Amino acid sequence: MDIDHDQETTSADAAREIVLASEVLPAAINLLPLGGRPFFPGQAIPMIVAEEWEQTIQTVLTTEQKIIGLLMLRDEAADPPVPSDFYRMGTAARIHRVQETNGQMQVLMEGLQRFRLKEWISRKQPYSANVSYFPETRYEHVSEVKAYAVAIINTIKELLPLNPLYGEELQVFLQHFNPNEPSQLADFAAAMTTASRTELQEVLETVRILPRLEKVLSLINKELEVARSQMAIRKQVEEEIQGRQRELFLREQLRAIQKELGISKDDRTAELDEFKERLKKRTVPERAQKRIDEEMKKLSILEPGSPEFAVTRNYLDWLTSLPWGIFTKDQLDLQRARKILDRDHEALDDVKQRIIEFLGVGIMRGEVAGSILLFVGPPGVGKTSLGRSIAEALGREFYRFSVGGMRDEAEIKGHRRTYIGAMPGKFIQGIKETGASNPVIMLDEIDKVGASFRGDPASALLEVLDPEQNDSFLDHYLDVRYDLSKVLFIATANQLDTIPGPLLDRMEMIRLSGYLTTEKLAIARKHLLPRQIRRAGLKRGQVRVDRAALRAIIEGYAREAGVRKLDKKIGAIVRKAVIEMLDGAEPPVRIRKDDVLRYLGRPDHRQGQRIKGVGVVTGLAWTPLGGDTLAIEATRIHELNRGFKLTGQLGDVMKESAEIAYGFAMSHAAEFGIDTGFFEKAYIHMHVPAGATPKDGPSAGITITTALLSLASKRRIPVTTAMTGELTLTGQVLPVGGIREKVVAARRAKIRRILMPSANEGDFEELPEYVKRGVTAHFVSTYDEVAELLFPAKK
């Protein structure tokens, strides 16, 4: 592929022999930096010269031949550039014309020959240097060169139909050059591409013709691919635009024809007719109807393209979509209600009976309305599902939304229509979604409503949840009153402390305590396990979990009041069983008690972990997650001085209870047969285990006192005995709350004897028999009675 160097030299010498003396290029020339693309020999284009380089142009114009060297700058050149910023190879050009255009100097230059910078003469403006030239050689009988040239010409021909600009550039080239000259053809083809400045500089620096033609052919082929892609994209876009325009034109024609024939209406008329058709099926109150008529009249004169048209149209859409006067008929059948409640929920007999009583009163009245129920209980005990069951028992639509974390009262009462994106509040949205004016609406997590600068949603709920006011509920968006008195509201909460008093006063509270082990076992077998099997895509009977295995899961992994954790653990077992079947195990996969450890790992709760000994007493506590047992430990550290230390992340109220218990034990030690010197000398440390869990409340008063007396008397309290009650300095035992949750927690922990205040006897007696079964309760009004039960020999 190489061309003989001697041939090049001879041709070059021959060319130099016929060049006029006036056309011989000077050895020293002035230089002009180029910031964009390099300038190629054969190009003749006007250039805009910046004001800072006008001196260089003026200097060149004073020379006889008006030759200037065009050198491209490197990417990170300084301002002004230094010699190291220039590429070494450039193009010598002749200045033909200089003119001022809009205050800018425009220079017409013609590229002549390549040159290489040999030595700098002036390193400052105007730049100048000694250069060596590379005159082009004629290649008339070299087949490889001709083949490359033909390939480039053919590629340019393919480019011409894709971009008309290429045709204009080709015409200029043909007017001045012979297309059979490969060197000029290569430079022209490179200059017409959109290649990068670096790639073009490489072409400029390639003096030998064959490598230069090879590089140019690669660049022009890339240009062809880009042009083809652009043409395909342009064609696709044009087709899409033409299709849309044609569709729009045809639709307009169709609309005009239909309107001319009287079989169609414009959009505004069609909207109004649709709104009127909706109202025929509704019984709209007079005031609301008046507002609707006014808005329809306004809509009829508004232009469809105006912003007010869209606002009015959306407003009318909401007003006419609401189920004015539409009610679902209540199915007032107690037997059906009992079956649904028993089908969906195990245990909770007292709660279900309370719901049946509520429905019974509604049957006697002929309607179930005007009441707001509040289900209070730990997570996972079935509060939300009870609401669904009530809705199904009544045959009503069900709508649920969570108010937990809600901080904007507009979520309750809607936004003003003046705001962009305004919409009604959640209650009106629920009414529209259910399509009836008497659905069951559930407000989940009402104890977690927040407040902010946007308002207090809890206060906004006062109007909604008041039977005396909600018959004329005013939503800010609707701005007309809507009757919510037929709606059955059900709220859920984990605790009552955070619910405002006025709001709590409007609701009828039903407490749900946690489940016992036997109840959880029945729930797991009848509800949780079949549901997890269905979710895993299995058929009934492909996974079997023994009763003993379920009990092991409950006692070792899911002792909380609800059943959510139990559901998760059963789901984990079913998933592992699915993997076993996919790995080749034959169904049914049976899980026994011994398999639970392999499936679920180490138990979260272990048997035999009860703390026992002198100074250790079990108390009963209430938490938002349900009842729980609480071990209280007391020990004597030393006898150097008297003192009392508390640990276990105790709250202020519990610390005060501990101080009262310590004071009572010290002042009444002799009455219980304890050496009075014990407390005068001993430094006592009292601790409540699970130090990472905050604890507070007054109900541990008698428990702490008992722990101190047990330590002083060196007598143990049986681990099957637990107690709860607030203690005063005079020894009175005051009532506490959460009796049901505490008794259920005692049952789960296999506590056999419970001591509690006499004032809570009624609360205990109201508990179902299955909750009280196996538990002996002792009711005390003073600590003397506690001492008689626990320290009989010392009294």
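Reply: Helices (H or I, at least four residues) and strands (E, at least two) are DSSP runs, numbered from the N terminus. Helix α22, for instance, covers residues 652-667 and holds D652. The model is predicted: local features need pLDDT of at least 70, side-chain atom pairs count only at pLDDT 80 or more, and totals for chains, interfaces and linings use all residues. Residues are numbered from 1 along each chain as its sequence is written, and side-chain values use heavy atoms, with hydrogens and water left out.

Me: Is D652 buried or exposed?

Reply: Buried means under 20% relative accessible area, exposed over 50%, and partly exposed in between (1.4 Å probe, protein chains only). With a relative accessible area of 56%, D652 is exposed.

Me: How many salt bridges does a search of the whole structure find?

Reply: A salt bridge is a side-chain nitrogen of Lys or Arg within 4 Å of a carboxyl oxygen of Asp or Glu. The search finds 34 salt bridges. One of them joins the side chains of R313 and E271 (3.3 Å, N to O). R313 lies in helix α10 (residues 307-321) and E271 in helix α8 (residues 267-279), so the pair ties together parts that are 42 residues apart in sequence. R313 is partly exposed at 22% relative accessibility, whereas E271 is buried at 19%.

Me: Which side chain meets D342 in a salt bridge?

Reply: That of K352, at 3.0 Å, N to O. D342 belongs to helix α11 (residues 334-344) and K352 to helix α12 (residues 349-365), so parts 10 residues apart in sequence are tied together. K352 is buried, with a relative accessible area of 8%.
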